[in-house]
Each structure stands twice: as C-alpha cells, then as structure tokens.
Amino acid sequence: MENQEFLSEMKVKNIMRPATNRFYNWLGFYYFYVFIKKLSCLFLCKISPQTTTPTGEKMKKLLSLTLLLGLSTISMADAPLDNELKQAMAATGNIKNGKQVFKLCIVCHGTEGWGTIDGNYPQIAGQHPSVIIKQIADIRAGNRDNPIMFPIAQIKVMGGPQSIADVTAYIGTLKMTRKPELGKGDNLAKGEKLFYRKCAECHGANGQGDEKRFYPRLAGQHYDYVLRQLKWIQSGKRRNANKTMQKRIQKFKLADFEALADYISRLEPPKEITAPIGWKNPDFQ
Ligand code: HEC
Ligand code: HEC
C-alpha cells in the first residue's frame with residue numbers, strides 16, 4: 001500500500017499523537033536526562049574527585065546519553081496506538097472475515113454502511129480505508145471520544161489489528177448512498193466559497209479526501225454528522241482533529257458551519273462508488 005511509505009516516514013505520528021502527549025514525552029526525557037547526569041556524577045565523582053577533567057565530563061555525557069537512548073527505545077514501545085495503526089495498515093484485509101466482523105457494525109451503520117439520515121451514525125461506505133483504520137484505532141485508543149461505539153471497538157469484541165483490516169476490506173466493497181441527509185439548501189454559495197478557500201486544499205475540490213494522507217472523504221456525508229464534527233473540531237472535543245484545520249475554523253460561526261455542512265453533503269461522490277437508489281446489501285438480506 002502506498003500509505004506504508006507515508007507511515008514509515010513517521011509523518012503519521014505527528015497527525016496522530018496529540019501535541020500534549022508529545023510534550024510530556026519530551027519533558028519526561030529531559031527530567032530523566034538531568035537525573036542521570038546527577039546520578040552519574042555521584043559515582044564518577046568518587047572515581048575521580050576532579051569532575052571537571054575532560055575524561056570525567058566525557059564519561060558522564062556518554063553514560064547519560066546511553067541511558068537516555070535506552071529509555072527512549074522503551075518508551076517508543078509503549079505507543080500501542082502507533083503500533084496498532086501500523087499493523088492494521090500493513091495487514092492484508094480478508095473480505096470474508098470482514099463480513100463477520102461487519103455484523104457488529106450493522107446495528108448502527110446499517111447493512112449498507114450508509115449510517116442514518118439523522119446523521120447520528122456516519123456513512124462509512126466509500127470512506128478511504130486509511131481513514132476507517134485510523135478512526136477505529138483512534139476511537140479504541142481513547143484518542144477520539146465515541147462512547148456509543150467504544151464498547152464494540154474493544155479488542156475483546158471486534159478483534160485485533162487484523163480484524164480492523166478485515167472489516168475495512170469488507171466496507172471497501174460497499175458503495176455509497178446517493179441520498180445522504182442534506183441541509184436546508186439556503187446558503188450554498190457561502191458554503192461553496194468557504195469550502196474552496198479553507199478546506200479543498202486538504203479534502204480535495206470535490207470533497208474526495210486523500211487515502212494516502214488519511215484525509216477523510218467528505219462528499220456525500222450526512223449533513224448533521226458533518227455539522228456535529230465541525231462543532232467538535234472547533235471546540236477541541238474531537239481530540240484527534242488535524243491542528244491546522246482546527247485553527248482555521250476557530251472564528252467560524254454556526255451559520256458558517258451550517259453552510260459548509262450543507263454544501264459538503266451535496267457534493268456528489270463519483271458515480272462508480274455510489275449504489276443505485278434503493279440498493280440493499282445482498283449479504284444481509
Ligand atoms: C452502537 C453503535 C455503533 C456501532 C455498533 C458501531 N459504530 Fe461506528 N460509529 C458510531 C457513531 C455514533 C459514530 C460517530 C461518532 C461521532 O459522532 O463522532 C461512529 C463512527 C465510526 C467511524 C468514523 C467515521 C468517520 O467518518 O470518521 C468509523 C470508521 C466507524 N464508526 C466504524 C465502525 C465499524 C467498522 C463498526 C463495527 C465493527 C462500528 N463502527 C460499529 C456508532 C457505532
Ligand atoms: C490541513 C488539512 C485540513 C484542512 C485545511 C481541513 N481539514 Fe478537515 N480534516 C483533516 C484531517 C486530517 C481530518 C481527519 C482528522 C483525524 O482524524 O485525524 C479531517 C476531518 C474532517 C472532518 C471529519 C470527517 C469525518 O468523516 O469524521 C470534517 C467534517 C472536516 N474535516 C471538515 C473540514 C472543513 C469543513 C474544512 C474547511 C473549513 C476542513 N475540514 C479543513 C484535514 C484538514
């Protein structure tokens with residue numbers, strides 16, 4: 001997969017890890033470094049009372065650096081989110097197993113993966129695999145609050161990274177609805193203007209998103225779901241939101257969000273990825 005390249009560049013770490021997390025990590029390293037420096041002096045000072053000798057200084061630096069490196073390796077290992085995302089992205093999804101896992105999703109996202117017309121449940125059909133995988137990993141790592149889905153997203157219930165890959169592969173076989181929930185349609189010119197100025201550079205001119213960069217497809221998503229996400233991105237409630245996007249919409253008013261969500265819900269996904277009107281998923285009839 002192309003995203004493997006992207007993942008290996010570790011860029012994804014910056015999208016995923018909340019800035020505060022990274023800050024505390026580095027703060028921890030710094031304190032540990034200071035602590036080790038003191039510690040190494042404790043016994044190096046005994047060996048050579050003149051701690052200022054060049055060799056003594058060098059030994060101290062070397063010792064603290066070695067320990068610091070050792071610690072950073074350990075702490076890298078305790079990043080389950082990174083690992084799970086990487087593992088699920090690297091795994092080859094099995095559609096047949098994915099169909100079994102998908103049974104857990106139907107009660108909310110529907111047999112077609114279209115979500116609901118009140119926007120309570122998003123349409124997941126047509127979403128980029130990388131986005132589906134990342135959002136599930138984020139939800140179960142507690143990086144994106146979703147109390148409704150959280151219990152189902154547990155490893156015990158839906159399985160490990162391979163199951164995430166499997167269900168994502170199955171969702172990949174589903175086409176999108178052509179009839180998402182729309183807004184009132186009274187402010188579309190404003191929605192269009194805002195979208196092209198502020199959103200299209202990442203989400204694409206047609207709201208198609210970007211599989212490689214984990215940018216969600218927005219076109220054809222339910223109005224109320226998009227509206228709710230925008231409010232939560234602005235307030236910080238959606239904690240895994242892209243920081244540039246969050247900053248960019250800080251001054252937006254409710255009317256701006258409504259216009260945007262309305263415009264986005266009306267953006268038509270390519271015909272090849274939409275289902276005929278009235279289509280039902282034969283796997284669950
Ligand atoms: C009990 C209801 C429920 C079940 C079951 C459920 N979900 Fe969800 N899911 C939700 C809700 C609610 C949201 C949106 C939360 C929000 O508004 O932020 C969501 C969001 C998502 C998203 C993020 C969509 C996006 O565009 O960011 C994905 C992906 C997802 N679910 C996949 C699944 C999969 C796969 C399953 C089955 C293994 C599943 N869900 C089962 C309720 C559920
Ligand atoms: C710098 C790139 C960038 C810009 C600019 C940007 N977004 Fe996003 N957007 C993202 C990323 C990345 C995500 C996924 C966040 C995550 O889970 O890490 C996202 C998620 C979303 C979601 C949630 C989608 C879902 O399926 O849950 C909505 C809605 C959204 N963006 C709307 C907008 C709108 C409207 C604008 C313009 C005002 C905008 N974005 C500008 C990168 C961007």
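Ala, Val, Leu, Ile, Met, Phe, Trp, Tyr, Cys and Pro are counted here as nonpolar, Asp, Glu, Lys and Arg as charged, and the others, Gly among them, as polar. On this basis, the shell around ligand 1 consists of 16 nonpolar, 4 polar and 1 charged residues. The structure is a predicted model, in which local features need pLDDT of at least 70 and side-chain atom pairs count only at pLDDT 80 or more, while totals for chains, interfaces and linings use all residues. Residues are numbered from 1 along each chain as its sequence is written, and chains are lettered from A and ligands numbered from 1 in the order in which they are written.

The secondary structure of the chain comprises 14 helices and 0 strands, where helices (H or I, at least four residues) and strands (E, at least two) are DSSP runs numbered from the N terminus. Of the 285 residues in the chain, 32% are buried; a residue is buried if 20 or more other C-beta atoms, placed from the backbone, lie within 10 Å of its own. Two residues are in contact if their C-beta atoms, placed from the backbone, lie within 7 Å. Among contacts with a separation of 6 or more, 78% join residues 24 or more positions apart.

A residue is assigned to a ligand shell if its C-beta atom, placed from the backbone, lies within 6 Å of the ligand. Ligand 1 has 21 residues around it, of which Cys-105, Cys-108, Gln-135, Ile-148 and Met-149 come nearest. Helix H6 (95-109) and helix H7 (129-140) are the elements that give two or more residues to this shell, and H6 gives the most, with 6 residues. Ligand 2 is surrounded by 23 residues, the closest being Cys-199, Cys-202, Asn-242, Thr-244 and Met-245. At least two residues of the shell around ligand 2 come from each of helix H11 (200-203), helix H12 (223-235) and helix H13 (243-248). The composition of this second shell is 14 nonpolar, 6 polar and 3 charged residues.

A nonpolar core is a set of buried Ala, Val, Leu, Ile, Met, Phe, Trp, Tyr and Cys residues joined through C-beta atoms within 7 Å. The largest such core has 22 residues, among which Ala-88, Ile-133, Ile-164 and Ile-171 touch the most other members. At least two residues of this core come from each of helix H5 (80-90), H6, H7 and helix H9 (161-171), and H9 supplies the largest share, 6 residues. Not counting residues up to four places away in sequence, Ile-133 touches Leu-85, Ala-88, Met-89, Ile-164 and Thr-168. A second, separate core of 18 residues includes Leu-218, Tyr-223, Leu-260 and Leu-267.

Notes. Buried ≥ 20, exposed ≤ 12 C-beta atoms within 10 Å, placed from the backbone.
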